[in-house]
Amino acid sequence: MGREGDRPVRRVWSRRNPFRRRTDVLEGWVTFGAVTVFALGGTAAAWASAAAVHEELSSRSAERQRTTAVLLEDAPPLTMLRGDAWSGGEVTTRVRWRDADGRAHTGRTPVSAGLLKGAEAEIWTDAAGRHAVDPPPPAGDTGVQSAVAAGGAAGVVGCLVFGSRTVVRVRLDRRRAAEWGRDWARVEPHWRQGSAGPSER
């Protein structure tokens, strides 16, 4: 075969394709626009979401401080029935601590399991030292949550963009089908006459 026969089939919306229609060109531009919007908008949304989550978690960590507390009761041992095995080896116990001004405060907070009454334990409090709070998330968790937020934001943008592209394509397919139907209605009579056998002429 010659060089013309060796060429791959041109894309439907290529300018050199004699069967190209305006709907095919429009679909090509819609696809190009969807990919461009997803690349730019998805990246921007992912970056903004990750930055917001990282800032939120970092601010929470900055609002906490470690202090030494005294147990007011024995810390119970770990038990599978209470699900303590999933708490990182800590159980909730009543403790007492003092803030920077020397005022005493009491509350319940996680401490290492098995500690006895009167033992000291490191706990987390708010910036003023008045309330016991949960420990800040580990640095690794901050990165994971930021990555999850970025992926979720990019996924939402992708669903919106390519979902809209699908809606446009369905409408273009219907329009193409109608155009092909009209063209066939014009061509069919001539095609039948040209392909009729001798007995039919």
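Predicted model: local features only at pLDDT ≥ 70, side-chain atom pairs only at ≥ 80, totals over all residues.

Biologist: Why is D99 called buried?

Modeller: The relative accessible area of D99 is 9%. Buried means under 20%, so D99 is buried at its value of 9%.

Biologist: Where does D99 lie, and what does its side chain reach?

Modeller: D99 is placed in the loop between β2 and β3. Its side chain comes to 2.9 Å from the backbone nitrogen of R103.

Biologist: What makes the pairing of the D99 and H105 side chains a polar contact?

Modeller: The two side chains are joined at 2.9 Å. The limit for such a pair of N or O atoms is 3.5 Å, so a value of 2.9 Å qualifies. Setting aside neighbours within four places in sequence, D99 is in contact with H105, A128 and G129.

Biologist: Why does A51 count as partly exposed?

Modeller: A51 has 31% relative accessibility. The term covers values between the 20% limit for buried and the 50% limit for exposed, so A51, at 31%, is partly exposed. A51 belongs to helix α2, which spans residues 22–62. The C-alpha atoms of A51 and A149 are 9.2 Å apart, while 98 residues separate the two in sequence.

Biologist: Which residues make up the largest nonpolar core?

Modeller: This core has nine residues: A69, L71, A75, V91, V95, W97, V111, A121 and I123. Two or more residues each are given by β1, β2 and β4, and β2 supplies the largest share, three residues.

Biologist: What does V111 touch, beyond its neighbours within four places in sequence?

Modeller: V111 is in contact with L71, A75, G89, E90, V91, T93, V95, A121 and I123.

Biologist: How do you know that β1 and β2 pair?

Modeller: Two bridges link β1 and β2, in the antiparallel sense. Pairing requires at least two bridges, so β1 and β2 meet the condition. As for a bridge partner in β2, V70 has R96.

Biologist: What makes β3 and β4 the edge strands?

Modeller: The open sheet has four strands in the order β3-β2-β1-β4, with antiparallel pairing. Each of β3 and β4 pairs on one side only, and they are therefore the edge strands. Neighbouring strands of the sheet are turned by 50° against each other on average, direction ignored.

Biologist: Through what do strands of a sheet pair in general?

Modeller: Strands of a sheet pair through backbone hydrogen bonds, in either a parallel or an antiparallel manner.

How values were computed. Residues numbered from 1 in each chain as written. Heavy atoms only, no water. Buried < 20%, exposed > 50% of the residue type's maximum accessible area, 1.4 Å probe, protein only. Core = buried A, V, L, I, M, F, W, Y, C linked by side-chain atoms within 4.5 Å. Contact = heavy atoms within 4.5 Å. Polar contact = N/O pair within 3.5 Å; in protein donor to acceptor, adjacent residues only side chain to side chain. Axes fitted to C-alpha atoms, helices over the stretch in contact; angles between N-to-C directions.
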